[in-house]
Amino acid sequence: MNRTTPPDSKVSLDAESETGDSSVMLAQPYNLYIERVDPERNMARFYLLTIEPTLFGTPRLVRRWGRIGTTGQEKVHHFGREEEAVSLFLELLRIKRARGYRPKPIQKTLGDY
C-alpha cells in the first residue's frame, strides 16, 4: 500500500485505548474445576469457573455446573475490566468452598510411577 501521509493514531486499529485499559489480554489464566460428592445423598456435582477474553478483548466469566458426567448448565457474565471478573470469581469460589466443593483429587495411573 502506498501512503503519502502517516496514519492517524487516533483512528488506527493499533492505537492504545485512551483509558489506558489494556483489556486485550488477561493478566493470567483463571480456571477452576471443583466437585462435591456425597454417596450417601447420591450427590455428585461439579462447578467450573473460567475467565476468558471475548472476541472484542473484554473479559467474561463463564460458570458451568451440574451433575458429574453431564453437560450441565452455563451462565456467562460480561465485564468491562478484568478486576471485576476476578472479584466475582473469588466470591463464587468462597461460596462454593463453604458449601463443600473441593478440587478433584488427582488419580494416579500405573504410568505415573
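Select Glu-35 and Tyr-33: their side chains make a polar contact of 2.7 Å. A polar contact is a pair of N or O atoms within 3.5 Å; within protein, one must be able to donate a hydrogen and the other to accept it, and residues adjacent in sequence count only if both atoms are side-chain atoms. This is a predicted model, where local features need pLDDT of at least 70 and side-chain atom pairs count only at pLDDT 80 or more, while totals for chains, interfaces and linings use all residues. Residues are numbered from 1 along each chain as its sequence is written, and side-chain values use heavy atoms, with hydrogens and water left out.

**Stop 1: around Glu-35**

Stay on Glu-35. It sits in strand 1, residues 30–38. Strands (E, at least two residues) and helices (H or I, at least four) are DSSP runs, numbered from the N terminus. Is Glu-35 buried or exposed? Glu-35 is buried, yet has no salt bridge. Buried means under 20% relative accessible area, exposed over 50%, and partly exposed in between (1.4 Å probe, protein chains only). A salt bridge needs a side-chain nitrogen of Lys or Arg within 4 Å of a carboxyl oxygen of Asp or Glu. For charge, Lys and Arg count as positive and Asp and Glu as negative; His and the chain ends are not counted.

Show the neighbours next. Leaving aside residues up to four places away in sequence, Glu-35 touches Arg-45, Phe-46, Ile-68, Gly-100, Tyr-101, Arg-102 and Lys-104. Contact here means heavy atoms within 4.5 Å.

**Stop 2**

Keep Ile-68 selected. Its place is the loop between strand 3 (59–67) and strand 4 (73–78). Ile-68 is partly exposed, at 32% relative accessible area.

**Stop 3: Asn-42**

Go to the loop between strand 1 and strand 2 (43–53), where Asn-42 lies. Check the backbone: phi of Asn-42 is near 55°, a positive value in a residue other than glycine. Most residues other than glycine have a negative phi. Asn-42 is exposed, with 56% relative accessible area.

**Stop 4: Arg-63**

Select Arg-63 in strand 3. Arg-63 is buried and has no salt bridge. Which side chain of opposite charge is nearest to Arg-63? Glu-91, 10 Å away. A polar contact of 3.0 Å does join the side chains of Arg-63 and Tyr-47. Beyond four places in sequence, residues touching Arg-63 include Leu-48, Glu-74, His-77 and Leu-92.

**Stop 5: salt bridges**

The count comes to four salt bridges. Here are some to select:

- Glu-74 and Arg-64: the closest N and O atoms are 2.4 Å apart. This pair links distant parts of the chain, Glu-74 in strand 4 and Arg-64 in strand 3, ten residues apart.
- Glu-52 and Arg-60: their side chains meet at 2.5 Å, N to O. Glu-52 is partly exposed at 25% relative accessible area.
- Glu-83 and Arg-81: the closest N and O atoms are 3.1 Å apart. Arg-81 is partly exposed at 42%.
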